[in-house]
Amino acid sequence: MGGDEVTTMSELRVPVAALPAEVLCTDGSVMRGRIFVPATAAGHEGPTLPDEWMNRPARFFPFLPDGDGRPLLLNKATVVAVTVPAWADEADPEMFAPAPEREVVVECGGRSFRGMVALELPEHQRRVLDLLNQPGGFLTVRSTEHHHLIAKHHITRVVELAET
């Protein structure tokens with residue numbers, strides 16, 4: 001290798017966007033801090049959305065707790081939910097066709113999350129059950145202020161609320 005061809009590790013880093021997040025772990029601990037999503041998405045303009053990022057097959061992700069300069073590497077298998085501000089997980093409405101939604105309460109042991117789920121599925125498969133059985137380890141439950149990315153394998157029950 002010639003001296004001109006040496007690449008430093010910093011040159012190999014992927015640009016990221018830091019987003020505020022709260023992580024609920026299986027041991028009951030709650031951590032507030034930042035997650036880091038790729039600054040550019042493969043399938044659309046702008047940064048990778050947190051729900052796209054959490055549903056990638058990687059088993060670990062970096063998390064920077066508030067007030068601590070040292071990042072942690074969290075195992076997705078020990079994460080019950082990652083909650084981000086709604087603005088951090090909203091795509092440009094012009095990029096995606098609007099999908100039917102259902103209001104649900106998702107229970108994970110003693111914790112529950114209430115909000116809307118988007119049934120972005122073929123017309124003949126637009127049930128919450130079909131959504132839960134789709135590939136991807138995390139279900140997104142949207143409320144006005146937050147989006148909860150909930151690990152499907154920690155969901156104990158889902159209650160569909162009556163349509164109004």
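Helices (H or I, at least four residues) and strands (E, at least two) were taken as DSSP runs and numbered from the N terminus. The structure is a predicted model, in which local features need pLDDT of at least 70 and side-chain atom pairs count only at pLDDT 80 or more, whereas totals for chains, interfaces and linings use all residues. Residues are numbered from 1 along each chain as its sequence is written, and side-chain values rest on heavy atoms, with hydrogens and water left out.

The protein chain contains two helices and 10 strands, arranged along the sequence in the pattern β-β-α-β-β-β-β-β-α-β-β-β. Of its 164 residues, 37% are buried, where buried means under 20% relative accessible area, exposed over 50%, and partly exposed in between (1.4 Å probe, protein chains only).

Strands β6 (residues 101-108) and β7 (residues 111-118) run antiparallel and are joined by eight bridges; two strands pair if DSSP finds at least two bridges between them. Within this pairing, Val105 has Arg114 in β7 as its bridge partner. Two residues lie between the strands of the hairpin, and Gly109 takes a positive phi near 60 degrees.

In soluble globular proteins, nonpolar side chains tend to be buried together. A nonpolar core is here a set of buried Ala, Val, Leu, Ile, Met, Phe, Trp, Tyr and Cys residues joined through side-chain atoms within 4.5 Å. The largest such core has 19 residues, of which Val23, Ile35, Met54, Phe61, Phe63 and Val82 touch the most other members. Two or more residues each come from β1 (16-25), β2 (30-38), α1 (50-54), β3 (60-65), β5 (79-85) and β9 (146-151). Strand β1 gives the largest share, four residues. A second, separate core of 16 residues includes Leu119, Leu131, Leu139 and Val141. Apart from neighbours within four places in sequence, Met54 is in contact (heavy atoms within 4.5 Å) with Phe61, Lys76, Val82, Phe138 and Leu149.

Six salt bridges were found in the whole structure, each defined as a side-chain nitrogen of Lys or Arg within 4 Å of a carboxyl oxygen of Asp or Glu. In one of them, the side chains of Arg32 and Glu22 meet at 3.0 Å, N to O. Because Arg32 lies in strand β2 and Glu22 in strand β1, this pair ties together parts 10 residues apart in sequence. Arg32 is exposed, at 51% relative accessibility, whereas Glu22 is buried, at 19%. Another salt bridge joins the side chains of Asp51 and Arg142 (3.7 Å, N to O). Asp51 lies in helix α1 and Arg142 in strand β8 (residues 138-142), so parts 91 residues apart in sequence are tied together.
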